[in-house]
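Below are my notes, as numbered points, for you to read alongside the model.

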Amino acid sequence: MTVLLCGRFDPGEQEAWLAALGQACPDEVFVSDRADPRATAADVALVANPPPGALQGLPRLGFVQSLWAGVERLLADPTLPPAVPLARMVDPSMSAAMAQTVAWAVLALQRDFFRYARQQRAGQWLPGPQRRADDFPVGLLGLGEMGAAAARALTGLGFPVHGWSRTPRTLPGLRCHHGEAGLHALLGEVAVLVNLLPLTPQTRGLLAAPLFARARPGLHLVNLARGAHLVEADALAALAQGQLDELVLDVFAEEPLPPGHPFWLHPRVTVLPHVAAQTDPATAAAVAAANLRRWRSGQPVQHLVDRGRQY
Ligand code: NDP
């Protein structure tokens, strides 16, 4: 059985995938060069943000497993075979990493640790009052794999947590909201907003001036999902006007964040290089292999993307 592994990989990453996948599925033949003539025999493709057109001309293709959690670029490729089932990556290690990043960002905002880091650079010894976690409500946009893991971490740390999803959800210890009215209610409550939504036509550009205007003044914003959720010019204006207090950003309209971008040196913006939750071949290969085995044995595959709702 031939499996095509294709995508855009950092140096050494493709080799790490091949080693981990070879161990997890010793009976499969992995082809990692799309130009390799054996690729046309592939009935399964494992993809990591592949260039558009990468899955064209594979007559036997029956299943696509994304090695990334977000699939918006894959879905935007008009050559993606429409009838082939597409699954996305859901790896508990990745959700745990995201929960750690959320906990770090929210704790640092609640306890003013970003401000103290700035004060250190200025040689200032200025202790401020200590805010309590139970007085620092957090809003989570998205209550899926990432949002639910973040919610568990935050409630464990004593933060009141509000969550927002498309459909009604119930999660232990959370005030759950959905729909437009739910978003409005959440924005009126929270001190910090953490974005963990998938990028879809409905969520693109959601983090923009109209949303900031509905939030409590001095909102902290943490974007760990996709750069296109945030209208960067609106965020900069809201920072200048005090509508937003502090930003923690892991994702950007253009990545890598271009030199000279105002976020780099803005005193109230913390920039991460898209590392909130990285896919780790060591754990994710086992997840992909388990789904591949399910597909081969005719069982339902897990974490199928709904092409209609686009996540
Ligand atoms: P899931 O599909 O598990 O969850 C998505 C959540 O968003 C669901 O709760 C869903 O609602 C909600 N949602 C979707 N559309 C809307 C909408 N229009 N209005 C309100 N809520 C909506 O995704 P994951 O949690 O696994 O991942 C989320 C995103 O995180 C990924 O798509 C990716 O972009 C990003 N990510 C970023 C990483 C990084 O390192 N920066 C790493 C991994 C992921 P419902 O429950 O009703 O379906």
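1. Is Gln 100 buried, partly exposed or exposed? A residue counts as buried if 20 or more other C-beta atoms lie within 10 Å of its own, as exposed if 12 or fewer do, and as partly exposed in between, with C-beta atoms placed from the backbone. Gln 100 is partly exposed, because 15 other C-beta atoms lie within 10 Å. Its place is in helix α3; helices here are DSSP runs of H or I with at least four residues, strands are runs of E with at least two, and both are numbered from the N terminus. The C-alpha atom of Gln 100 is separated by 9.1 Å from that of Ala 149, although the two are 49 residues apart along the chain.

2. A word on the basis of these notes. The model is predicted, so local features need pLDDT of at least 70 and side-chain atom pairs count only at pLDDT 80 or more, while totals for chains, interfaces and linings use all residues. Residues are numbered from 1 along each chain as its sequence is written.

3. Next, the packing of α3 on α5. The two helices pack at an angle of about 50°, and their axes are 8 Å apart; axes are lines fitted to C-alpha atoms, for helices over the stretch in contact, and angles run from 0 to 180 degrees between N-to-C directions. That makes α3 oblique to α5, given that angles under 35 degrees count as roughly parallel, over 145 as roughly antiparallel, 65 to 115 as roughly perpendicular and the rest as oblique. The contact involves Ser 95, Ala 96, Met 98, Ala 99, Val 102, Ala 103 and Val 106 on the α3 side, and Glu 145, Met 146, Ala 149, Ala 150, Arg 152, Ala 153 and Leu 154 on the α5 side. Two residues are in contact if their C-beta atoms, placed from the backbone, lie within 7 Å. By class, the residues of this contact are eleven nonpolar, one polar and two charged; Ala, Val, Leu, Ile, Met, Phe, Trp, Tyr, Cys and Pro count as nonpolar, Asp, Glu, Lys and Arg as charged, and the others, Gly among them, as polar.

4. From α1 the contact takes Ala 16, Trp 17, Ala 20, Leu 21 and Ala 24, and from α10 it takes Pro 281, Ala 282, Ala 285, Ala 286 and Ala 289. The contact of α1 with α10 has ten nonpolar residues, no polar and no charged ones.

5. What surrounds the ligand? There are 29 residues around it, the closest being Gly 70, Gly 144, Met 146, Thr 167 and Pro 198; a residue is near a molecule if its C-beta atom, placed from the backbone, lies within 6 Å of it. α5 (145-156) and β7 (161-165) each supply at least two residues of this shell, and the largest share, three residues, comes from α5. In the shell there are 14 nonpolar, ten polar and five charged residues.

6. Val 192 belongs to strand β9 (residues 192-195). It counts as buried because it has 25 C-beta neighbours inside 10 Å. Beyond its neighbours within four places in sequence, Val 192 contacts Val 106, Leu 109, Phe 136, Val 138, His 220 and Val 222.

7. Some backbone geometry to look at. Most residues other than glycine have a negative phi, and most peptide bonds are trans. The peptide bond from Glu 255 to Pro 256 is cis, with omega near -5°, and Pro 256 sits in the loop between β11 (244-249) and α9 (262-265). Asp 112 has a positive phi, near 65°, in the loop between α3 (92-110) and α4 (113-121). Gln 310, also not a glycine, has a positive phi of about 70° and lies in the segment after α10.

8. Finally, Leu 257 lies in the loop between β11 and α9. With 19 C-beta neighbours inside 10 Å, Leu 257 counts as partly exposed. Leaving aside neighbours within four places in sequence, its contacts are Phe 252, Phe 263, Trp 264 and Val 271.
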